[in-house]
Amino acid sequence: MVQSEIRWIRNGGVFNPDLTAKVNLFNSYFGGGMGSIVFQTIRESKALAYSTFAVYSSPDRKDKNYAMIAYVGSQADKMNDAVAGMNELLNVLPQADKSFEASKYNALNALETSRVTKDDIIQSYFADQKLGIDHDSRIDEYNGLKPLTFADIKEFHTNNVANKPYNYCIVASEKKVKLEDMQKFGTVTKLTLEQIFGY
């Protein structure tokens, strides 16, 4: 395998409906698409990855936790630089006003133009019920998005993403990636094929 696949994972707090608008806007701005900070910095500007994203993943039930997940797929010889690049973004959120405004516009526009029809009405209703919400959650999300500023997203990043411990999941060839490089990230546990696949 020539490529190295690196994934950052950590649990966040228990679901909070008041965070829905911030999570949506943060994901759109930070790492959810090709115009996001993560994609533009790691793939476009620094050319360190084939693919990359970062998302603050929301649970599907009110008693479950959020999860911060980041990913970089890079050439094995660029792994150290790719990890350093992602870690920098996880700890320091760059401010790009045009990108922020575009992200906010896109998030609002997605809600304004989406339609819940046919069977999706029932599925949407039950999805909200699982989250402890007794009405269309998109109303709260839309109203919550409108007043958000970059300062709000920066505060969210500081409180939930920056300077936190992460588990690294790395898939790569031992011939291409050095053990001592991985040990710089923390304690290395090598899984066997039996542990991964069950046979």
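Modeller: Start with the ring cluster. Phe-15, Phe-26, Phe-30, Tyr-56, Tyr-66 and Phe-156 are joined into a cluster by ring pairs. Bear in mind that this is a predicted model.

Now widen the view. The whole structure has 13 aromatic pairs. One of them brings together Tyr-29 and Phe-100. Their ring centres are 5.9 Å apart, and their planes stand at 75 degrees, an edge-to-face arrangement. This pair links distant parts of the chain. Tyr-29 belongs to helix α1 (residues 20-30) and Phe-100 to helix α4 (residues 97-113), 71 residues apart. Buried or exposed, Tyr-29? Buried means under 20% relative accessible area. Tyr-29 has 1%, so this residue is buried. Phe-100, at 3%, is buried too.

For exposure, the cut-off is over 50%. Phe-197 reaches 54% relative accessible area, so this residue is exposed. Tyr-199 is exposed as well, at 71%.

One ring also has a charged neighbour. Arg-10 sits over the face of Tyr-166, 6.0 Å from the ring centre.

The structure contains seven salt bridges. Take Glu-88 and Lys-46, whose side chains meet at 3.9 Å, N to O. What does this pair tie together? Glu-88 lies in helix α3 (residues 79-91), while Lys-46 is in the loop between α2 (37-45) and β2 (51-57). The two residues are 42 apart in sequence, so the bridge ties together separate parts of the chain. Both ends are partly exposed: Glu-88 has 48% relative accessibility, and Lys-46 has 39%.

Two further bridges follow. Glu-44 and Arg-43 meet at 3.0 Å, N to O. Glu-44 is partly exposed at 41%, as is Arg-43 at 33%. Asp-63 bridges to Arg-61, with the closest N and O atoms 3.2 Å apart. Here the two ends fall in separate classes. Asp-63 is exposed at 53%, whereas Arg-61 is partly exposed at 35%.

Last, the pockets. The largest has a volume of about 870 Å³. By class, the lining of the largest pocket holds 16 nonpolar, six polar and two charged residues.

The second largest pocket has a volume of about 250 Å³. It is lined by 14 residues, with Thr-20, Asp-128, Leu-131, Ser-137 and Glu-141 closest to the centre. The elements giving two or more residues here are α5 (119-130) and α6 (137-145). This second lining divides into seven nonpolar, four polar and three charged residues.

How values were computed. Residues are numbered from 1 along each chain as its sequence is written. This is a predicted model: local features need pLDDT of at least 70, side-chain atom pairs count only at pLDDT 80 or more; totals for chains, interfaces and linings use all residues. Side-chain values use heavy atoms; hydrogens and water are left out. On a 1 Å grid over the protein atoms alone, a cavity is a set of points where a 1.4 Å probe fits but cannot get out, and a pocket is an open set with protein on both sides within 12 Å along at least five of seven lines; lining residues have an atom within 4 Å of a point. Grid points are joined across faces, edges and corners, and a volume is the space filled by probe spheres set on the points. Ala, Val, Leu, Ile, Met, Phe, Trp, Tyr, Cys and Pro count as nonpolar, Asp, Glu, Lys and Arg as charged, and the others, Gly among them, as polar. Helices (H or I, at least four residues) and strands (E, at least two) are DSSP runs, numbered from the N terminus. A salt bridge is a side-chain nitrogen of Lys or Arg within 4 Å of a carboxyl oxygen of Asp or Glu. Buried means under 20% relative accessible area, exposed over 50%, partly exposed in between (1.4 Å probe, protein chains only). Rings of Phe, Tyr and Trp (its six-membered ring) pair if their centres lie within 6.5 Å; planes under 30 degrees apart count as stacked, over 60 as edge-to-face and the rest as tilted. A charge sits over a ring if NZ of Lys or CZ of Arg is within 6 Å of the ring centre and within 35 degrees of the ring normal.
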